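Subject: Structure handover, with notes on the ligand sites and cavities

Dear colleague,

Here is the structure I promised to pass on to you.

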Amino acid sequence: MSDAVHLILGDQLDSNSLIFKDISYSNRIVMAEVLAESISKQRPSSRQRSVLFLTAMREFSKQLIEDGHQVEYFNIRQAIESFSEALTIAHKKQVFNQLKVVLPGDEQVRLELKNWCNQNRVQLVLLEDQHFLTRPGEFQNWMQGKTQPRMEYWYRHLRKTRNILIQSNGKPVGGKWNYDQDNRRPFSKSGPQNIIEPPLTNNLQHPTVKQVIEDINQYLPNLNGNLKSFPWPINRTQAQKQLAHFIDFKLANFGDNQDAMWQEQPFLFHSLLSSSLNLKLLHPQEVIDAALAAYANEKAPLNSVEGFIRQVIGWREYIRGLYWLQKSNWQNINFLQASHDLPSFYWNGATEMNCLSQSIKQVIDYGYGHHIQRLMVTGLFALLYGVKPQQIEAWYLSMFVDAVAWVEQPNTLAMSQYADGGFLASKPYIASGNYINRMSNYCKHCKYKYNLASGESACPFTTLYWDFVKRHQQHLEQNPRLSMQVKNWLNKPKEEQTKILQRAEYLRTQLMNQPDEKTCSI
Ligand code: FAD
Ligand code: SF4
């Protein structure tokens with residue numbers, strides 16, 4: 001009989017985590033590549049995502065073994081279905097009476113472990129995930145008495161209490177809490193200049209990556225997506241390299257054009273750090289410290305540094321707080337009662353809408369899209385068209401290298417699809433093709449006209465925008481930030497309204513009856 005087994009999940013690859021506190025070399029560590037996380041019917045993980053998770057896990061376990069730990073590692077070749085199955089095998093091998101695990105980032109996994117422990121009379125010890133700035137209970141306390149939380153105030157709370165960009169008089173550095181208005185500029189006509197390639201372009205040659213790809217080709221041959229390039233950090237050393245590269249070559253330009261998009265440019269000035277943060281290869285504090293040091297050394301302006309820190313401690317920590325606050329509510333929410341299936345072009349990019357084709361193809365090739373591509377292209381189309389929220393949510397979870405339930409579900413279901421009815425976001429993030437045209441050069445390469453709402457050349461985003469305003473008129477007119485759009489719809493001549501609604505109906509019929517996913521005509 002052994003006392004405790006320490007379970008390390010695929011997104012808990014941190015050698016400073018609480019799981020290692022008081023551990024001795026005789027303690028058993030279990031790590032498992034399970035099929036439920038790779039090829040489950042509802043959420044089949046893509047090639048890019050699977051290679052990243054499995055490689056990073058194998059790299060981490062190799063390090064643990066080199067450090068002298070005992071690791072029982074279940075490889076994908078063993079075809080273990082679930083964490084429960086892995087634990088049952090470990091338990092049969094040698095009975096244990098305690099399972100220690102850092103709080104999983106997915107409520108469903110926490111429930112699975114709890115059930116397994118109950119059934120096997122094993123005590124479950126959940127350890128704090130110290131990989132965030134927020135301490136247990138802090139978000140819940142801050143939420144007391146709030147009916148509608150807002151990220152901005154949570155962000156200010158964290159800045160004040162952690163003394164981040166705060167002057168000695170308690171005011172924010174530069175006099176403003178937020179430089180968001182300076183961070184929404186499109187690129188000039190000549191497009192983004194001096195974009196440097198990500199530093200890890202040779203990762204496909206890394207021996208662990210090669211071995212994982214071989215295993216995937218053999219044991220999980222039908223995963224979605226491509227593997228022509230694989231720029232993602234697979235261990236802490238690589239993650240540190242990615243961070244240094246961002247600080248040296250991109251942070252200075254991060255602010256101004258944070259929301260902008262450009263044809264054939266998947267990464268622009270974004271940090272590409274989300275997967276390393278979410279796998280826990282990097283701690284948010286060290287990422288913030290690096291950005292603050294760049295500001296102190298005058299390597300980057302305040303709007304870039306503040307804008308970046310707001311993403312990392314504002315959005316990231318806020319989203320996590322909301323995930324755990326609403327943990328049981330994410331599965332079935334559908335405030336707008338959206339009822340359509342996800343168009344099949346989401347899986348192959350075969351659409352004539354250039355913005356979607358660009359954004360989806362880069363997800364297929366790299367498992368990546370930046371925030372505005374996710375929110376205002378792939379997410380926006382699903383929202384306007386009326387895709388069932390759980391279907392688009394499953395797509396995000398499957399396809400993106402940084403997708404873990406705690407961060408992906410609130411972003412997709414609440415921020416992007418408004419499926420929570422406005423608890424997270426004060427309004428649905430809706431826009432017509434005008435927004436995409438303003439923030440990118442996609443429309444210049446598209447067969448549709450962003451400013452037309454009806455007729456054969458009409459931009460489907462613009463048509464479906466007005467269709468959405470009409471369908472949700474009652475809800476939108478109560479929102480001071482959107483009631484004007486309802487008035488604009490009502491002020492359109494009846495004949496124009498009819499043409500727009502007919503075009504919307506045509507788009508629906510076409511998308512619902514796609515004869516073959518390779519020949520989508522929209
Ligand atoms: P940068 O643009 O360089 O931003 C810096 C960091 O800020 C990111 O690395 C990330 O850690 C953090 N960040 C920024 N915005 C958010 C946010 N809204 N929520 C949480 N962290 C944020 N992020 C994920 O990490 N995993 C997801 O599965 C995920 N799904 C999303 C789904 C939708 C529909 C939307 C709209 C957003 C989603 N995001 C998700 C948030 C955001 O798009 C990504 O974190 C970001 O694009 C990652 O790229 P980057 O590292 O280059 O980020
Ligand atoms: Fe997208 Fe419409 Fe612009 Fe085409 S015209 S790229 S569909 S927004």
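In these notes a residue counts as near a molecule if one of its heavy atoms lies within 4 Å of it. Please keep in mind that this is a predicted model, in which local features need pLDDT of at least 70 and side-chain atom pairs count only at pLDDT 80 or more, while totals for chains, interfaces and linings use all residues. Residues are numbered from 1 along each chain as its sequence is written, chains are lettered from A and ligands numbered from 1 in the order in which they are written, and side-chain values use heavy atoms, with hydrogens and water left out.

Ligand 2

The residues that surround ligand 2 are Met353, Cys355, Gly433, Ile436, Tyr442, Cys443, Cys446, Tyr448, Tyr450, Cys459 and Phe461. By class this shell has 10 nonpolar residues, one polar and no charged, where Ala, Val, Leu, Ile, Met, Phe, Trp, Tyr, Cys and Pro count as nonpolar, Asp, Glu, Lys and Arg as charged, and the others, Gly among them, as polar.

Ligand 2 takes the space of the largest cavity (a molecule sits in a cavity if more than half of its atoms lie within 2 Å of its grid points). A cavity here is a set of points, on a 1 Å grid over the protein atoms alone, where a 1.4 Å probe fits but cannot get out, and lining residues have an atom within 4 Å of a point. The largest cavity has a volume of about 100 Å³, and of the 14 residues that line it, Cys355, Cys443, Cys446, Cys459 and Phe461 are the closest to its centre. At least two lining residues come from each of α12 (354–366), α16 (433–439) and α17 (460–471), the helices being DSSP runs of H or I with at least four residues, numbered from the N terminus. A volume is the space filled by probe spheres set on the points, which are joined across faces, edges and corners.

Ligand 1

Around ligand 1 there are 29 residues, of which His270, Ser271, Leu272, Asn278 and Tyr368 come nearest.

- a side-chain N or O atom of His371 is 3.1 Å from an oxygen atom of ligand 1;
- a polar side-chain atom of Arg374 is 3.4 Å from an oxygen atom of ligand 1;
- a side-chain N or O atom of Asn411 is 2.9 Å from a nitrogen atom of ligand 1.

On its own, ligand 1 has 820 Å² of accessible area, and the protein covers 99% of this (Shrake-Rupley method, 1.4 Å probe). The shell around ligand 1 comprises 14 nonpolar, 11 polar and four charged residues.

With best wishes

Conventions: Polar contact = N/O pair within 3.5 Å; in protein donor to acceptor, adjacent residues only side chain to side chain. 1 Å grid on protein atoms, 1.4 Å probe; cavity = no way out; pocket = protein on both sides within 12 Å on 5 of 7 lines; lining within 4 Å.
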